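Morning, everyone. I have a structure to walk you through, and I will keep it short. Please look at the screen.

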Amino acid sequence: MPKTAIRLTLTAAAAAVALTASACGATSGSSSAAGSADSGKPLTGLRLMVPNSPGGGYDVTARTAAKVMEDAKIANSLEVFNLSGAGGTVGLARLVNEKGNGDLAMMMGLGVVGATYTNKATSKLSQTTPIARLIEEPSGIMVAKDSPYQTLADLVTAWKKNPEKVSVGGGSSPGGPDHLLPMQLAAAVGIDAKKVNFVSYDGGGDLLPAILGNKLGFATSGTGEYLDQIKSGAVRVLATTGAERLPSVDAPTLKEQGVDLVFTNWRGIVAPPGIPADKKAQWVKAFDSMHASQGWKDALAKNGWTDAYLSGDGFGSFLTEQDKRVADTLTQLGLG
């Protein structure tokens, strides 16, 4: 995926991607999944789409959820597949075109919300069927092991001196969490957000080589997808962005270092429009059961994720609120 440098004095744009139902293999009205929400048998025939590249946060969360469901005998052979592009809006277009397909769902989060605006997507999250919010995750301010910035104070000093020279990488499109965080961080340390030189990568899997290769001043992303590199010392975390330290990462918070900012990302599941009520109930019950399992509790701890479970209509209301908040923020930055 080509990397795109973005200066906030310009309006971000991306080519609209139109997918037809035939090209997407739409299966409107599908009801092939065996088992039911109440049969007690594992569900089969379900598919979970990841709308960005392998190795990123959505991908890790989706594959973790699928394994927990299989281990807990909630679902058998839950297929996870990737359809990346345009900050997740290619996958969203696919999902919306699969109207009525109750055997398909999509992992998503704050990044997809923002991408629908910055990429001027014709498919909207308001068209989807909300299933569940799974987690919240603080982000990390990360550099390569041989970065000249040993501390957050070192980084902020250089960044304030020449904001446009210090490139900031993130695994999301403008409007996504990895973009919104450096804009808010810039404001918190006294830098004009419109001078931030943000470089967008399509997911954490694409961002990682740029961090390891020291091609960026610093990167902002969820730390859960880089834990192996963090533990090995290949990636250094200068700060985490939650209210409290992460048990899985040995790094102080922004607040501990005098920066008045707390920032968290979230991830959840949506299904196509117009799925039958029993199919929605099936998906919600499956994730309810997963959330209650010991396997999921272990996964939360291992990945440094914060439990933020919210299913059904409650998640729908949350999506509506998030959509408005992101739209307002992007309008202020000139990207809405």
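Predicted model: local features only at pLDDT ≥ 70, side-chain atom pairs only at ≥ 80, totals over all residues.

I will go from the whole chain to one strand, then to the cavities, and end with a few loop residues.

Start with the whole chain. It has eleven helices and eleven strands. There are 336 residues in the protein chain, and 57% of them are buried. Now take the contacts with a separation of 6 or more. Of those, 80% are between residues 24 or more positions apart.

Find strand 6, residues 167-170. Is it open on one face, or covered on both? Both faces are covered. On one side sit S167 and G169, on the other V168 and G170, and all of these are buried.

Who are its partners? Strand 7, residues 197-200, pairs with strand 6. The two run parallel, over four bridges. Look at G170: opposite it, in strand 7, stands S200. Strand 8 also runs parallel to strand 6, joined by three bridges. There, G169 has A219 of strand 8 as its bridge partner.

Now follow the chain from strand 6 through helix 6 to strand 7. These three make a β-α-β unit, and the unit is right-handed.

On to empty space. Why use a probe at all? Rolling one the size of a water molecule over the atoms shows where empty space is left. How many cavities of 30 Å³ or more does that give here? The count is two.

Take the largest cavity. It holds about 220 Å³ of space. Its lining has 21 residues. Nearest its centre lie N52, Y58, G171, S172 and D178. Several elements give two or more residues to this lining: helix 2 (57-71), helix 4 (110-118), helix 6 (177-189), strand 8 (218-222) and strand 10 (264-271). Which one gives the most? Helix 4 does, with three residues. By class, the lining splits into twelve polar, five nonpolar and four charged residues.

Now the second largest cavity. Its volume is about 40 Å³. Among the residues lining it are M142, V143, A144, K215 and F218. At least two lining residues each come from strand 5 (129-144), helix 7 (204-212) and strand 8. Strand 5 gives the most, with three. What is the make-up by class? Eight residues are nonpolar, two are polar and one is charged.

First, P272. Look in the loop between strand 10 and helix 9 (277-292). Is P272 buried or exposed? P272 is buried, because its relative accessible area is 0%, and buried means under 20%. What does P272 touch, leaving aside neighbours within four places in sequence? The contacts are L95, E98, K99, G100, N101, L104 and T129. Pick out T129 from that list. P272 and T129 are 143 residues apart along the chain. Their C-alpha atoms are separated by 5.8 Å.

Compare that with S77. This residue lies in the loop between helix 2 and strand 3. At 60% relative accessibility, S77 counts as exposed. Leaving aside neighbours within four places in sequence, S77 is in contact with L46 and E70. S77 and K67 are ten residues apart along the chain, and their C-alpha atoms are separated by 9.0 Å.

A86 is in the loop between strand 3 (79-82) and helix 3 (89-97). Its phi is near 55 degrees, which is positive in a residue other than glycine. With a relative accessible area of 15%, A86 is buried.

K120 is in the loop between helix 4 and strand 5. Its phi is also positive, at about 50 degrees, although K120 is not a glycine. Where does K120 fall on accessibility? At 49%, K120 counts as partly exposed.

That is the tour. Over to you for comments.

Terms used
Residues numbered from 1 in each chain as written. Heavy atoms only, no water. 1 Å grid on protein atoms, 1.4 Å probe; cavity = no way out; pocket = protein on both sides within 12 Å on 5 of 7 lines; lining within 4 Å. Points joined across faces, edges and corners; volume = space filled by probe spheres on them. Nonpolar A, V, L, I, M, F, W, Y, C, P; charged D, E, K, R; others polar. Buried < 20%, exposed > 50% of the residue type's maximum accessible area, 1.4 Å probe, protein only. Pairing = 2+ DSSP bridges. Right-handed = clockwise from strand over helix to strand, strands pointing away. Contact = heavy atoms within 4.5 Å.
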